[in-house]
Every structure is written in C-alpha cells, then in structure tokens.
Amino acid sequence: MHYQSRLFALLIASASTPFAMAAGDGTITFNGEVKAETCVVKVNGGSSSSTVTLPAVAAKTLGAKGQVAGLTGFTMELSECGAASKKAYTFFEAGSSVDPSSGNLKNVGGTAQGVQLQLVDTSSTSANNAIKAGHESQRTATTKIDIASGSALLPYGVQYYAEGVAGAGTVMSSVTYSIAYP
C-alpha cells in the first residue's frame, strides 16, 4: 500500500508541473486595410438579402459525382460607389452552410440526398468558373468588376452539384457574402 501512495503522489506532482515552453520562437505580422468607400448592394434588383430560386431538375441529371444542372443566374448590383473604389467582387464567406472541402453549399434545410449547391462566376472573363465559398482562392480567381463609374453589375450563378447519385427532394441553403474592394 505504501508503494501505491508514493506512486499516486508522484502522479499528482507530475500533473501539476508546468510544461516547459521556449520563449520568442517567432513573430507573425498581420496587415489589412479598412476602406472608407463602399457601394450600396442589391441582389437581382431587390435588397442586399434575397432569395434565388433554381428550376426543378430530374434526379437522373445528377446521377454521378460532379454532375451539375439547373444553372440559375443572379446579379449583385452595386451603386453609389465612392470615388476611391475602382474595382469590386463578391467574397462568399465560410459558414455552417458551406462544405469546407468543396466550397459548395450544403443542403441544410432540404430533403434531397447527395446534392449541394455550387456558386459560379458567370462574368465574360471567367464564364462558369466554380467559386469555392470560404476559400481564399476567390481573391484571385473571381472576376473583379470595374466600378470607377460609381456602379456595376456583378454576374454570378448557382447550380445543383451531385456529391454522388442524387435523391429526389428539396434543396435549401444560404451563404453570407461581403463586397471586396481590392
């Protein structure tokens, strides 16, 4: 018993001993910018928050991973842009509705199985280029639209994306966005 008491005391003492850490291993510097000039945003001519309705498609059109269907366009209308802003694009942010590996939007409120929604840059320079919501790649891959005139239309689309064989049902999701002024 005496041996067990010593072992127990040794375990308690070792658990309360602080870990050794090296001080000053490196420095991380962060840089950013807050711009004073922004634009008024309307989605499809409405408010800054809107609903885009995709067409109904047959499940068989989404029968294998990577198949897409039902591309539906929408626009982000920018107006009253300040003189300091020259270009803009939409940055679709990460969130609980975004699949972190694909950047697609998860079917969070619908009943269809094996289906996500994929955002698409439909501008003339990046026609139908898939957008990975939440990924930093948007900063270089998404088309920047000229807003020097004080207004512009940012064209995007959304489509069904098969994660595998799609099952019939409803598809619902959402995404948060910010207008970026590079």
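The questions and answers below concern a predicted model.

Reader: Which side chains meet in a salt bridge?
Author: The structure holds one salt bridge. A salt bridge requires a side-chain nitrogen of Lys or Arg within 4 Å of a carboxyl oxygen of Asp or Glu. At 2.4 Å from N to O, the pair that meets this cut-off is Arg139 and Glu136.

Reader: Is Arg139 buried, partly exposed or exposed?
Author: Buried means under 20% relative accessible area, and exposed means over 50%. Arg139 has a relative accessible area of 40%, so this residue is partly exposed.

Reader: How much space lies in the largest pocket, and which residues lie nearest its centre?
Author: The space in the largest pocket comes to about 570 Å³. Its lining is made up of 22 residues. Those nearest the centre are Ser50, Thr51, Val52, Ser173 and Ser174.

Reader: Which strands each supply at least two residues of the lining of the largest pocket?
Author: The lining residues divide into 15 nonpolar, seven polar and no charged. At least two of the lining residues come from each of strand S2 (68–79), strand S4 (115–121) and strand S7 (152–162).

Reader: Which backbone atoms lie 3.0 Å and 3.2 Å from a polar atom of the side chain of Asn107?
Author: A polar contact needs a pair of N or O atoms within 3.5 Å. At 3.0 Å from a polar atom of the Asn107 side chain lies the backbone nitrogen of Gly110. At 3.2 Å from such an atom lies the backbone oxygen of Thr170.

Reader: Leaving aside its neighbours within four places in sequence, which residues is Asn107 in contact with?
Author: Contact here means heavy atoms within 4.5 Å. Thr170, whose backbone oxygen was named above, is among these residues. With sequence neighbours within four places left aside, the list is Ala112, Val115, Thr170, Val171 and Met172.

Reader: What is the phi of Asn44?
Author: Asn44 lies in the loop between strand S1 (40–43) and S2. Its relative accessibility is 41%, and it counts as partly exposed. Although Asn44 is not a glycine, its phi is positive, at about 50 degrees.

Reader: Is Glu80 buried or exposed?
Author: Glu80 is in the loop between S2 and S3. Though not a glycine, Glu80 has a positive phi of about 55 degrees. With a relative accessibility of 65%, against a cut-off of over 50%, Glu80 is exposed.

Reader: What distance separates the C-alpha atoms of Pro100 and Ala133?
Author: Pro100 is placed in the loop between S3 and S4. At 63% relative accessibility, Pro100 counts as exposed. Pro100 and Ala133 are 33 residues apart along the chain, and their C-alpha atoms are separated by 8.1 Å.

Note on methods
Residues are numbered from 1 along each chain as its sequence is written. This is a predicted model: local features need pLDDT of at least 70, side-chain atom pairs count only at pLDDT 80 or more; totals for chains, interfaces and linings use all residues. Side-chain values use heavy atoms; hydrogens and water are left out. Buried means under 20% relative accessible area, exposed over 50%, partly exposed in between (1.4 Å probe, protein chains only). On a 1 Å grid over the protein atoms alone, a cavity is a set of points where a 1.4 Å probe fits but cannot get out, and a pocket is an open set with protein on both sides within 12 Å along at least five of seven lines; lining residues have an atom within 4 Å of a point. Grid points are joined across faces, edges and corners, and a volume is the space filled by probe spheres set on the points. Helices (H or I, at least four residues) and strands (E, at least two) are DSSP runs, numbered from the N terminus. Ala, Val, Leu, Ile, Met, Phe, Trp, Tyr, Cys and Pro count as nonpolar, Asp, Glu, Lys and Arg as charged, and the others, Gly among them, as polar. A polar contact is a pair of N or O atoms within 3.5 Å; within protein, one must be able to donate a hydrogen and the other to accept it, and residues adjacent in sequence count only if both atoms are side-chain atoms.
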